[in-house]
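Dear colleague,

Please read the text with the model open beside it.

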Amino acid sequence: MSQWLTLVARNVLRQRLRTSLTLVGLIVAILAFGVLQTVVKTWYAGVDGAVPSRLLTRNAVSFALPLPKSYQKRIAAVEGVRRVTHLSWFGGVYKDSKNFFPQFAIDAASYLDMFPEILVPDEVRRAFLHERRGAIVGRKLAKRYGFKPGDVIQLRGTIYPGNWEFLICGVFDGRDPKTDTSQLFFRWDYLNETLRVRSKAQADQVGVFAVDVAGLDSVADVSQAIDQVFRNSLAETLTETERAFQIGFVKQTEAILISIRVVSFVVIFIILAVMANTMAMTARERLREYATLKAIGFSPGHVARLILGESILIASVGGAVGIGLTPPVAAHLAELSATLFPTLIVSANTVMLQALAAVVVGILAAVLPMRRAARVSIVNGLRALG
Amino acid sequence: MTVLHLSEARTGEEVLIALSDVSKSYRRGAQIVPVLSGLTFDIRRKEFLALMGPSGSGKSTMLNLIAGIDSPDQGSIKVGGEDITLLPEAELADWRAANVGFIFQFYNLMPVLTALENVELPLTLTDLGRRERRDRAQLALSLVGLSDRVKHLPSELSGGQQQRVAIARAIVTDPTVLVADEPTGDLDRQSAKEVLEIMQRLNRDMGKTIVMVTHDHRAAAHAKRIMSLEKGDLSYLVEQRLE
Ligand SMILES: Nc1ncnc2c1ncn2[C@@H]1O[C@H](COP(=O)(O)OP(=O)(O)O)[C@@H](O)[C@H]1O
Ligand SMILES: [Mg+2]
């Protein structure tokens with residue numbers, strides 16, 4: 001056993017350049033695979049983070065169309081509804097249109113109560129509730145643009161006309177890593193009062209109502225009951241769970257996600273081909289050694305395990321380094337992507353997939369060389385040039 | 001097929017290896033090339049046999065058959081009474097591990113293992129402990145005069161030294177027979193002489209049975225008996241000399 005390991009380990013180090021190049025390829029492949037998997041997972045993260053007892057009520061025709069603010073009271077009156085709040089997509093531009101980040105107009109008090117994943121220090125909350133033009137920004141957003149409490153920032157409206165000024169009251173954190181802290185929240189009452197002056201037709205409307213349901217069992221009934229209230233009205237509603245809402249949102253980008261998934265597996269397939277070629281070359285050069293081993297009594301299985309061990313060792317080292325590099329690279333990518341990905345956290349599941357991919361590559365790459373080395377007759381192997 | 005002057009009982013030792021009516025041919029594409037045909041002869045225990053003959057006459061083929069790394073198309077090869085042609089692949093491998101020591105023209109050492117590790121290698125197939133293996137490998141290396149080279153890799157040794165390591169590897173399991181295919185074919189005259197003297201000593205002092213293929217008369221002169229494989233229509237054996 002120890003002799004076997006010695007042979008495997010030293011054989012790996014024999015063609016240093018070839019082994020190094022293969023290793024680099026493996027590292028890059030396992031890294032790319034991990035990062036791409038993480039990107040896909042993160043895209044679905046909103047779906048995973050959805051709270052099952054929260055419903056979202058939107059305009060039945062489209063995400064983009066608003067609902068009258070007056071619906072809030074009527075929703076609150078539906079049996080089984082505990083709390084209702086609302087949020088409206090603002091879609092403003094900060095300085096330059098490439099500076100994209102989500103901004104929502106909210107009913108500050110009720111929203112922060114219903115979304116406990118948004119962690120706001122008490123004094124920030126007090127300031128926010130006090131200051132009509134106030135806004136709170138997520139940790140990541142604040143870091144990216146250097147927003148500090150007391151700053152006054154200006155957003156140019158795209159949906160709502162004109163320039164809008166906000167006073168930064170403070171920074172919020174996410175309760176868990178999945179919480180998006182690249183957003184800005186400001187007060188809907190400020191939006192609405194301004195609209196009454198600037199753009200009356202857009203006033204007294206909100207984007208989406210968020211509904212907190214008393215019991216999990218009644219979620220389905222409540223969502224039907226809400227939509228029933230507004231049937232045949234001017235703006236019919238569609239109420240679904242936060243999860244279903246997120247899925248609907250992610251569905252729009254599904255083709256991209258599928259492509260990314262496919263690419264991540266193609267990368268693994270390519271490195272498998274590279275690795276198989278390396279192992280085939282290596283085994284071919286050592287046919288005489290394998291024949292010698294067989295002559296002195298080693299079984300074909302012994303010889304095959306030498307090749308398998310070597311292949312798995314290379315794949316494991318490459319895989320381990322690739323896995324180790326994935327979190328920092330993903331984090332860096334999240335930084336670069338600004339607010340597109342709030343965070344890129346590599347899940348345990350992804351790490352397992354990476355490890356599995358590396359081991360499978362190691363095993364599959366060895367299959368043909370193993371068969372060849374095990375099957376070549378001793379006499380022919382001894383005649384091979386070494 | 002003819003066998004001439006098969007020498008009987010010079011030493012009084014029992015027959016160790018008995019080939020009877022052994023034939024072997026190779027297929028080259030659609031063509032069948034006969035190499036050995038109906039060969040019958042004996043090798044006795046403690047013999048040092050040199051097998052000579054022109055290139056292509058089938059010397060290596062015959063040695064490979066005796067060593068159990070190739071199988072005849074026909075005939076039986078008995079070693080110590082056991083017909084090795086009847087052994088299935090896996091058992092034949094075990095049989096070789098226990099009974100045959102190989103010495104090759106190009107040494108065939110594992111380039112990544114030191115001299116000591118190379119010699120130890122066949123012992124890893126036995127159930128000897130680590131210490132015991134080390135000790136035996138050391139002993140084998142000292143028998144070929146390489147006690148001071150145990151930590152060297154093959155690439156750090158001369159051809160003659162590498163062949164001596166190979167001899168140590170061949171004898172470390174104390175096999176029934178040593179087979180050597182052109183063991184001096186790649187060596188200068190001085191190294192060849194050293195190697196042959198070691199083999200002679202192994203035969204004379206330790207009673208090792210050796211079958212050596214060579215086309216070099218100087219090498220063959222170290223053996224106790226020389227046979228020639230001549231190639232007419234078919235190969236046949238000629239007894240050349242009795243000691
Ligand atoms: N594996 C093989 N396949 C085809 N022909 C072979 C093979 N091995 C040996 N031969 C042929 O058999 C003949 C005898 O070969 P060999 O035993 O190596 O001769 P020698 O060792 O006496 O030079 C040669 O003609 C050689 O070409
Ligand atoms: Mg030959």
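**The ligand site and the spaces in the protein**

The shell around ligand 1 divides into three nonpolar, seven polar and three charged residues, where Ala, Val, Leu, Ile, Met, Phe, Trp, Tyr, Cys and Pro count as nonpolar, Asp, Glu, Lys and Arg as charged, and the others, Gly among them, as polar. This is a predicted model, in which local features need pLDDT of at least 70 and side-chain atom pairs count only at pLDDT 80 or more, while totals for chains, interfaces and linings use all residues. Residues are numbered from 1 along each chain as its sequence is written, chains are lettered from A and ligands numbered from 1 in the order in which they are written, and side-chain values use heavy atoms, with hydrogens and water left out.

Of the 13 residues around ligand 1, those that come nearest are Arg383(A), Gly56(B), Lys59(B), Ser60(B) and Thr61(B); a residue is near if one of its heavy atoms lies within 4 Å. Because residues from chains A and B surround ligand 1, the site is shared between chains. At least two shell residues each are supplied by α15 (378-383) of chain A and by β1 (15-28) and α1 (59-67) of chain B, with the largest share, three residues, coming from α1(B). Helices (H or I, at least four residues) and strands (E, at least two) are DSSP runs, numbered from the N terminus.

As for polar contacts (pairs of N or O atoms within 3.5 Å; within protein, one must be able to donate a hydrogen and the other to accept it, and residues adjacent in sequence count only if both atoms are side-chain atoms), an N or O atom in the side chain of Asn380(A) is 3.2 Å from a nitrogen atom of ligand 1. On chain B, a backbone N or O atom of Gly56(B) lies 2.7 Å from an oxygen atom of the ligand, and a polar backbone atom of Lys59(B) is 2.8 Å from an oxygen atom of ligand 1. Taken alone, ligand 1 exposes 560 Å², of which the protein buries 78%, by the Shrake-Rupley method with a 1.4 Å probe, where for residues only the protein chains shown count as cover.

Ligand 1 takes the space of the second largest pocket, in the sense that more than half of its atoms lie within 2 Å of the grid points. On a 1 Å grid over the protein atoms alone, a pocket is an open set of points with protein on both sides within 12 Å along at least five of seven lines, a cavity is a set where a 1.4 Å probe fits but cannot get out, and lining residues have an atom within 4 Å of a point. This pocket has a volume of about 960 Å³, a volume being the space filled by probe spheres set on the points, which are joined across faces, edges and corners. Of its 35 lining residues, Arg383(A), Ser60(B), Thr61(B), Asn64(B) and Asp181(B) are the closest to its centre. The largest share of the lining, six residues, comes from α1(B).

Best regards
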